[in-house]
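These are my notebook entries on one structure, written down in the order in which I looked things up. I begin with a sheet and its strands, and then turn to the pockets.

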Amino acid sequence: MEKPLSLTLLYTANIAGDLALLPRLYTFLQRLHPPERRHALLLDLGGSCADAVWHCRETGGRSTLIALDGMGYHAANVAGALEREKRDSLAGIVTMGLVAEGRDWLYHRPPVTDAGIRVALRPRDDSARAQIVLAPAESTRVEGNAVYLTAVGAGQVGEAVLELRGAPCLLSAQIHVMPPDTPPNPSIAGTVEFVEAEARLLRKKRG
């Protein structure tokens, strides 16, 4: 299969356990991420859960990540959010990459696989075609083969378009703000209900 010569990155961050946001966010992402954008990646830069949120506490930080997986995310930053045992357990359930220290995700959008495009917490492979740094940066930019993405808040979606014919080149970067009247997606609303029900069951078992 032909390797991507251009790549669109759509990314979120700092959802902080707000599951009620996700059905609307999914609708917004679908508008930004139509099927013909076949090489696009959907990423989360971290902060998906928060200790103050009940379902995050009950699931050890897994609740929002399970919902993001149901939304079709390709990779998420879980550094500091999951203990290694919980991360390894979750990796057997979700299809998206769980990026942490020493654990990268290699581009894989079936049927296309490109091991030269790495998603990692920090650059560590100068031979890669592109290294997408999955942690918020001060600005969206390219340094060598490393791609840095500026921070976004809940309800915002960052977008970066890269040219990959040679060294990575940033063609455009912007932040989209979700309109307040964005309707929720019923399927993701159902996913959220399932995640919350599982968290309640865990809480009940613990007494």
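**Entry 1: the sheet, strand by strand**

I started with histidine 108, and I found that its bridge partner in β6 is threonine 113. Before going on, I noted for myself that this is a predicted model.

I then looked up how the chain passes from β5 to β6, and found a hairpin that joins them through two residues.

Next I followed β6 to its other partner, β7, which covers residues 130–137; here the pairing is parallel and extends over four bridges. I wrote down two residue pairs for this step: isoleucine 117 has alanine 130 in β7 as its bridge partner, and valine 119 stands opposite isoleucine 132 in β7.

The strands β7 and β9 (residues 146–150) run parallel and are joined by four bridges.

From β9 I went on to β8, where the pairing is antiparallel and has three bridges. The example I kept is arginine 141, whose bridge partner in β9 is tyrosine 148.

**Entry 2: the sheet as a whole**

In what order do the strands of the open sheet lie? Putting the pairs together, I read the order as β5-β6-β7-β9-β8, an open sheet of five strands with mixed pairing. The strands at the edges are β5 and β8 (141–143), each of which pairs on one side only. On average, neighbouring strands of this sheet are turned by 30° against each other, if direction is ignored.

As a reminder, I noted that the strands of a sheet pair through backbone hydrogen bonds, and that this pairing is either parallel or antiparallel.

I also asked myself how many residues of β7 are buried. The count is six of its eight residues, and I therefore described β7 as mostly covered, with buried taken to mean under 20% relative accessible area.

I then looked up the largest pocket, which holds about 240 Å³ of space. It is lined by 14 residues, and those closest to its centre are Thr59, Arg62, Ile66, Glu198 and Leu202.

Which helix gives the most to this lining of the largest pocket? It is α5, with seven residues. The helices α3 (63–70), α4 (84–91) and α5 (186–206) each supply at least two residues of the lining. Sorted by kind, the lining of the largest pocket has eight nonpolar, three polar and three charged residues.

The second largest pocket holds about 180 Å³ of space. It is lined by 14 residues, with Cys49, Asp51, Gly61, Gly80 and Ala81 nearest its centre. The lining of this second largest pocket divides into six nonpolar residues, seven polar ones and one charged one.

Last, I looked up the confidence of the prediction: the mean pLDDT of the protein is 93, and 97% of its residues reach 70 or more. Confidence is highest in β9, at 98, and lowest in α4, at a mean of 84.

Methods:
Residues are numbered from 1 along each chain as its sequence is written. This is a predicted model: local features need pLDDT of at least 70, side-chain atom pairs count only at pLDDT 80 or more; totals for chains, interfaces and linings use all residues. Side-chain values use heavy atoms; hydrogens and water are left out. On a 1 Å grid over the protein atoms alone, a cavity is a set of points where a 1.4 Å probe fits but cannot get out, and a pocket is an open set with protein on both sides within 12 Å along at least five of seven lines; lining residues have an atom within 4 Å of a point. Grid points are joined across faces, edges and corners, and a volume is the space filled by probe spheres set on the points. Ala, Val, Leu, Ile, Met, Phe, Trp, Tyr, Cys and Pro count as nonpolar, Asp, Glu, Lys and Arg as charged, and the others, Gly among them, as polar. Two strands pair if DSSP finds at least two bridges between them. Buried means under 20% relative accessible area, exposed over 50%, partly exposed in between (1.4 Å probe, protein chains only). Axes are lines fitted to C-alpha atoms, for helices over the stretch in contact, and angles run from 0 to 180 degrees between N-to-C directions. pLDDT is the predictor's confidence in each residue, from 0 to 100.
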